[in-house]
Number of protein chains: 2
Amino acid sequence: MQAHIITIGDEILIGQIVDTNSAFIAKELDKIGIEVAEISSISDSKQHIVDTLNAARQRCQVVLITGGLGPTKDDVTKHTFCEFFKDELVEDPGVLANIERIFKHHVGRPMLPANRSQALVPSKCTVLMNKNGTAPGMWMKRDDTVFISMPGVPFEMKALMTDEVIPRLQKEFSRPYILHKTLQTYGRGESEIADTIEDFENNLPSAIKLAYLPALGKVRLRLSTKGPDRDVLERNLDEQIAKLQELIGDIIVGYDDGELIEVVVGNLFKQKNKTLAVAESCTGGQIAAAITANPGASGYFKGGMVTYATHSKVELLKIDQKLIDTHSVISAPVAEAMALAVQNWYKSDFAVSTTGNAGPSKGDSDADVGTVFIGIATPNGVYSQEFKMGSQRERVISKSVNKAFELLQKEILKN
Amino acid sequence: MQAHIITIGDEILIGQIVDTNSAFIAKELDKIGIEVAEISSISDSKQHIVDTLNAARQRCQVVLITGGLGPTKDDVTKHTFCEFFKDELVEDPGVLANIERIFKHHVGRPMLPANRSQALVPSKCTVLMNKNGTAPGMWMKRDDTVFISMPGVPFEMKALMTDEVIPRLQKEFSRPYILHKTLQTYGRGESEIADTIEDFENNLPSAIKLAYLPALGKVRLRLSTKGPDRDVLERNLDEQIAKLQELIGDIIVGYDDGELIEVVVGNLFKQKNKTLAVAESCTGGQIAAAITANPGASGYFKGGMVTYATHSKVELLKIDQKLIDTHSVISAPVAEAMALAVQNWYKSDFAVSTTGNAGPSKGDSDADVGTVFIGIATPNGVYSQEFKMGSQRERVISKSVNKAFELLQKEILKN
């Protein structure tokens, strides 16, 4: 069975915001065996919404819509629903009580007519109560298709998906399992991998789909399958994974079920009861930010320093000025000294450092744009590696962050 | 005139990645007066791609497609193009030369047949040369609609958009101007604002569209319009902005043309030739990361410390242990001491600090999840403010980062 996700709002169409809601919804549906056939972003125009709803129900049994539920005039989803379902708006007492509760406890001013109007819902809909906001979710059926409308505010939508939509979809439809396994490889391009595993790919059972996901110097291979028996699917995928291990085991650096490398590395630190500190120059805090974005980071992350200016490396990290003068601030010895300095300061087991030039122009060093040294201090010593990360600032930074976690992963696995 | 953006790839539909390409493309089109009517993400299935191309050309004169151009079997865009345009693939010598160049200078291994096959393009297409990768862009026409295909790798797509697609679209079509002006407001909800400006909204000329964009404690109001004369549009929007200033001037905190607040604040620091340092606890490096993601940060950003563990605040920032014992680590005096400490260490004009509990569980303090203190040190002194940022970790962190920049903006504007 298939789903269509529709996000409504001009802010996506003019590029003012990136649509992250769809990815969240798609992931949750995938977990319960519902395949997403299409994601559409359209404007707040009634006719376009109706057209898209009609197109969606040709292909899909589940249509999920976010956005267009605010109290203001530019929000038209509910009225469009009435047109589409030939229904009319009625005030829902439960929703009204929820709005009153929110105003009493969180807003601290009297309700306005516009706020009360958010309690109006199509008479035939099942309300999905939104504890985090005044716009309710709605569940409606037409023929065999379920239409679900949710607010566009990400945290309201997420809570509604988890608490209301997913359990109801599980009850409403019998679904197959969808399973993915993703291999991370490093060191060869996708065409080269495809060449090596050509026979494997040609002999892949038709129920298993292979995808190549190239990104930032590595290629991920994703095997996907679906069916009624989870154990069988698991076995079938494992069998193919074993074949890939024989063919390209030398370049497989990890397995990944959509987990970010910083989460994988964080879990390793927690398991092994080791601690970490960071000293960042060209990555400017992004390694620390990636670590601390995840709950439980305080269990292993001691802290970090962002020494952006050269003199802060000398003054704060106590890097010897002579070392910088001799080797330049973007060099292996400086990367290593930075890692050792924060390891020592924070009394951590491991430390990682970055020094490089992310561009667009050259800074305090003659190093080419894209040159980055990453230093790793472990309980057994320190080393560093030089990388050429290209010339696009954003890309240099994100590749460096990624690479830092890869090196950390390798080291923590040894310890 | 309208455009339809189509992104191809299962990784978006299973939620493995967030589609950021569409937002970039939409923003670039908006700048040259092309309205995006719809963004669709669909799978690598030939039939679905053909259906979507057909639907798109009903409504739009420009259809932009990203993805599905790799050298591997799961990439079907080119073959689908041939079917759609009743064309066949031929080898393009220019593209072949580009692939050979990339292999010689960047890959360092011989080309495989799959790599050479990337030089195959539909015979009727105009090639858009991709200097950053082996998959070429393609430009084709059918009736009055232009179809443009680009690789899905973001930095390759971005370069093609900027260097090839936008200039060609400007030549091909005469377009109106599209203008947006966005006001940032703070302190009132969207329904309350809508109530205050009801008459204004009812009397808005039909050519001007008003949108409310609520996010993280603030509401942005966007006015959009389009037409043939840029100066007239500018005047019309300014006239309405002036009316809004009269009505809600007290809650307008800024103007915004889609610029991120960290960019706005960074520019203010550069203009005023002031410097900044940060001390982050609960934001874990995200303030520094947001600053340094932008080129030119080294002109004003001295650096930062991520003091995640309580004892690192004592040992590294030299915060008095007694202060922490008396007030708790999440408190106004500690936030202020942290800001002063990094201001002093980095010898910066301004400093910002965060200490709080992002959750999900309580840490080294009894403070409720969501309690955050932000400290601001200026050349004239130090102060701090307490915030309740809710209970969702991700949200607490991003609201705190945002708020830190807002407070900095207010202070730097005074100096």
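Trainee: Over residues 4-171 of chain A, how far apart are the end C-alpha atoms?

Mentor: This is a predicted model, in which local features need pLDDT of at least 70, side-chain atom pairs count only at pLDDT 80 or more, and totals for chains, interfaces and linings use all residues; side-chain values use heavy atoms, without hydrogens or water. Residues are numbered from 1 along each chain as its sequence is written, while chains are lettered from A and ligands numbered from 1 in the order in which they are written. The stretch 4-171 of chain A is 45% helix and 23% strand (DSSP runs numbered from the N terminus: helices H or I, at least four residues; strands E, at least two). Between its end C-alpha atoms the distance is 19 Å.

Trainee: Which are the edge strands of the open sheet of 12 strands?

Mentor: Its order runs from β6(A) through β2(A)-β2(B) to β6(B), with mixed pairing (two strands pair if DSSP finds at least two bridges between them). Each edge strand pairs on one side only, and these strands are β6 (126-128) of chain A and β6 (126-128) of chain B.

Trainee: In β8(B), what is the bridge partner of B:Lys141?

Mentor: In chain B, β7 (residues 137-142) and β8 (residues 145-150) pair in the antiparallel sense over 5 bridges. The partner of B:Lys141 in β8(B) is B:Val146.

Trainee: Why does A:Thr283 count as buried?

Mentor: A:Thr283 is in the loop between β13 (276-280) and α12 (286-292) of chain A. Residues it touches (heavy atoms within 4.5 Å), leaving out those up to four places away in sequence, include A:Ile397 and B:Thr292. Buried means under 20% relative accessible area, exposed over 50%, and partly exposed in between (1.4 Å probe, protein chains only). A:Thr283 counts as buried because its relative accessibility is 0%.

Trainee: With which side chain does the side chain of B:Glu406 make a polar contact?

Mentor: B:Glu406 lies in helix α16 (residues 393-414) of chain B and is buried, with a relative accessible area of 14%. Beyond its neighbours within four places in sequence, B:Glu406 is in contact with B:Tyr186, B:Lys218 and B:Ile261. A polar contact is a pair of N or O atoms within 3.5 Å; within protein, one must be able to donate a hydrogen and the other to accept it, and residues adjacent in sequence count only if both atoms are side-chain atoms. At 2.9 Å, the partner of B:Glu406 is the side chain of B:Lys403.
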